[in-house]
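I opened a new entry for this protein today. My plan is to go from the whole chain down to single residues.

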Amino acid sequence: MLKKSRRHPHPLVRIDVSALLLSLVVSMCPIIGFADDAQAGGSNPADQTPLIENPAPEFPDMNYSDWYGNAVTFVASKGLITGYTDGPKAGLFGVGDTLTRAQLATILWRNACPDEYATYDPTTAVDTTGIEGSASGMYYTAAANWAVREGIITGFKQPDGTFDFAADVPVSFEQMMTIIARTYASLNDPAAEGDLSAFVDGDEASEWSFRALAWAHGRGLVTGYDEPDGKHLRPGEHVKRERAAMVLMRAFQLGIME
């Protein structure tokens, strides 16, 4: 059974975009928050690492003294990112690899619906999304079903009018921000009326993601990358797995995730 939602009752903005149709609906399960990592060069009010509640696996491809070390330990202890379980990278965290849409959906589902995750058997999982790009019997099948059912991800609109979940496609920064804002932002939040003028490349954000990014910046979730010519947002950048770990940890620190 899904947990009771902790999301705001009113989303920030409805997005109707052919390239990325993400409808705004009230979900039964919450979604994560997003914050820039240490390499983005911004400060963050949550500068204390949360307590590690459970033992975390140690990944051989990790440098735990690097900027993402504590974050990987934290998310692994939460069971949100568990590393690769099969294939040539089995046992590795995947440092440097981009986070895919299926992986993102799985992370969000694990946190939102832990009871379902605890008893999940992918071998018997049936895809009920009704759209292309998702399949039965996969590690992400239940997560995709949940994300599509709750309107969190509806897929990329195709020329023929159908939609593609695009499970293995990397997720971009502005896509993640749109998902977060759609889930947590209130229409009455003054941050929703912010702008991206603080960023050199703020005008490169897609129209459908602009208000979400402005909200995230206004809330202090996005601080950008420090470059010689100023702060850079990099809205189209693919999110690396270690950066996602930092994002998740800080979301807990900020009280966005529980």
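**Confidence**

I am working with a predicted model. Mean pLDDT for the protein is 79. I find that 77% of its residues reach 70 or more. Residues 1-48 stay under 50 in pLDDT. The model still has 159 contacts beyond four places in sequence for that stretch. Where pLDDT is low, the predicted coordinates should not be read in detail.

**Overall layout**

I count seven helices and four strands. Along the sequence I read α-α-α-α-β-β-α-α-β-β-α. The protein has 258 residues, and 53% of them count as buried. I also checked contacts between residues at least 6 apart in sequence. Of these, 72% join residues at least 24 apart.

**Helix α1**

Why do I call α1 largely enclosed by the rest of the structure? Helix α1 covers residues 69-78, and seven of its 10 residues are buried, so the rest of the structure largely encloses it. I noted the buried ones as G69, A71, V72, F74, V75, A76 and S77. They pack against α7, residues 241-253. After α1 comes G79, with a positive phi near 75°.

Most residues other than glycine have a negative phi.

- A166 has a positive phi of about 55°. I find A166 in the loop between β2 (163-164) and α5 (173-184).
- R234 also has a positive phi of about 55°. R234 sits in the loop between β4 (230-232) and α7.

Are these two residues buried or exposed, or partly exposed? A166 has 7% relative accessibility, so it counts as buried, the cut-off being under 20%.

**A191**

I moved on to the loop between α5 and α6 (210-218), where A191 lies. A191 has a relative accessible area of 12% and is buried. What does A191 touch, leaving out residues up to four places away in sequence? I list A214, W215, G218 and R219. I also took the C-alpha to C-alpha distance from A191 to G220, which is 9.4 Å. In sequence, A191 and G220 are 29 residues apart.

**The largest pocket**

Rolling a probe the size of a water molecule over the atoms shows where empty space is left. I went to the largest pocket, with a volume of about 450 Å³. Which residues lie nearest its centre? They are T82, G83, T85, R110 and Y139, out of 20 lining residues. Helix α2, residues 101-112, gives the most to this lining, with five residues. By class, I read 10 nonpolar, six polar and four charged residues in the lining.

Note on methods
Residues numbered from 1 in each chain as written. Predicted model: local features only at pLDDT ≥ 70, side-chain atom pairs only at ≥ 80, totals over all residues. Heavy atoms only, no water. Helix = DSSP H or I, 4+ residues; strand = E, 2+ residues; numbered from the N terminus. Buried < 20%, exposed > 50% of the residue type's maximum accessible area, 1.4 Å probe, protein only. Contact = heavy atoms within 4.5 Å. 1 Å grid on protein atoms, 1.4 Å probe; cavity = no way out; pocket = protein on both sides within 12 Å on 5 of 7 lines; lining within 4 Å. Points joined across faces, edges and corners; volume = space filled by probe spheres on them. Nonpolar A, V, L, I, M, F, W, Y, C, P; charged D, E, K, R; others polar. pLDDT = per-residue confidence, 0-100.
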